[in-house]
Amino acid sequence: TMPSIFSYQSAEVDWCEGNFERSAVIAEYYNTVSVGTSQGQEGAQRLWALLLGDRMTLFSLLTPLNFLVLEGAGSKSWEFHCLQQPALFPAGVFSTYFHMTLSYVGQLLDELSILWSLAAAYSFWYPEVYFPRFIKSRKHFFWLTGVTTVISTLMSFIKPAFNAYALNCIAFHLLYLTWRELKKCDDKRVHRTAAAMVVLWVLAISSWISDRWLCGFWQAINFPYFHSFWHVLIAMSLLYCCPLVIYFDVNYELPSFKPKIRYWPRDSWLVAVPYVALEKPHKQC
């Protein structure tokens, strides 16, 4: 009889960490725990906008699917609200479930939740200046992204083992877009944030590839934990990616707010949390 698609170790892929070595109910203990840790970091990143006198500071430790809604609050003040879209939460839950069970369903849920989160981020945040020529509006781009995502979802069932490679390849397009934007930007803080994002992504993808391709070596020296490092490093890379997305988006959609990248607690610290500070626009009669 065929094994259930929900059964333990029914997935097409298995990572380098040994299975059920530290728990009878958790297949990959450190991979499972590291996903939970990185998702906890993402949850802590969802902070409300702060109104500070004449300046408003939006801490952009936000997931890519947070919406900024601008509302006028009288003639002298403005306020930003963050409407949370918990897009990465399902990805974290499904990734935890996948590494805990190594089930076929867990693998698909993990990968497809990431695919749909990326599709939603592209739909809302992809700059219109980079739309294909045949796309005339954001609504048309929504349809293009939706149809592409549905087709990709159906194709994911054909050979699920290829899904992770395909998803990682999307990062190259995001890096290309970042490079295009940096060519138009002279702000050293923006370049610093992008550099940190790229370094962390390189470390993350190196960990992912090492775990996938050099597993025999890591097992020989009893250190098969690089997929765990991938989870933490990619979450840290998002910590720098999200402020960049918001910074460029505000530049396109709300240029009068003059966004600035800053760091908490201090700009001068080598390791600090980036955020976007928005200057209050001056109303003219």
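**Stop one: the annotated site**

Start by selecting D14, W15, E17, N19 and E28, where UniProt places the feature "binding site" in an unreviewed entry. UniProt positions are in the numbering used here, feature names are shortened, and annotations may be inferred rather than shown by experiment. Before going on: this is a predicted model, where local features need pLDDT of at least 70 and side-chain atom pairs count only at pLDDT 80 or more, while totals for chains, interfaces and linings use all residues. Residues are numbered from 1 along each chain as its sequence is written, and side-chain values use heavy atoms, with hydrogens and water left out.

Now zoom in on W15, in the segment before α1 (helices are DSSP runs of H or I with at least four residues, strands are E runs of at least two, and both are numbered from the N terminus). Is W15 buried or exposed? W15 is buried, with a relative accessible area of 8% (buried means under 20%, exposed over 50%, partly exposed in between, with a 1.4 Å probe and protein chains only). Leaving aside neighbours within four places in sequence, W15 is in contact with E28, N31, F98, H99, W208, D211, R212 and H227 (contact means heavy atoms within 4.5 Å).

For another example, select R192, which lies over the face of Y263 at 3.8 Å from the ring centre.

Back to N19, also found in the segment before α1. N19 counts as partly exposed, at 21% relative accessibility. Beyond its neighbours within four places in sequence, N19 is in contact with Q9, D14, A27, E28 and L102.

**Stop two: the aromatic rings**

The structure holds 20 aromatic pairs (Phe, Tyr and Trp rings, using the six-membered ring of Trp, with centres within 6.5 Å; planes under 30 degrees apart are stacked, over 60 edge-to-face, the rest tilted). Show Y8 and F20: their ring centres are 5.5 Å apart and their planes at 35°, so the pair is tilted.

Y8 is partly exposed at 39%, and F20 is partly exposed at 28%. Next, select Y30 and Y225, whose centres are 5.1 Å apart with planes at 70°, so this pair is edge-to-face. Y30 sits in helix α1 and Y225 in the loop between α7 (215–220) and α8 (226–253), so the pair ties together parts 195 residues apart in sequence.

To finish, colour Y29, Y30, F217, W218, F223, Y225, F226 and F229, which form one aromatic cluster.

Key
Lys NZ or Arg CZ within 6 Å of the ring centre and 35° of its normal.
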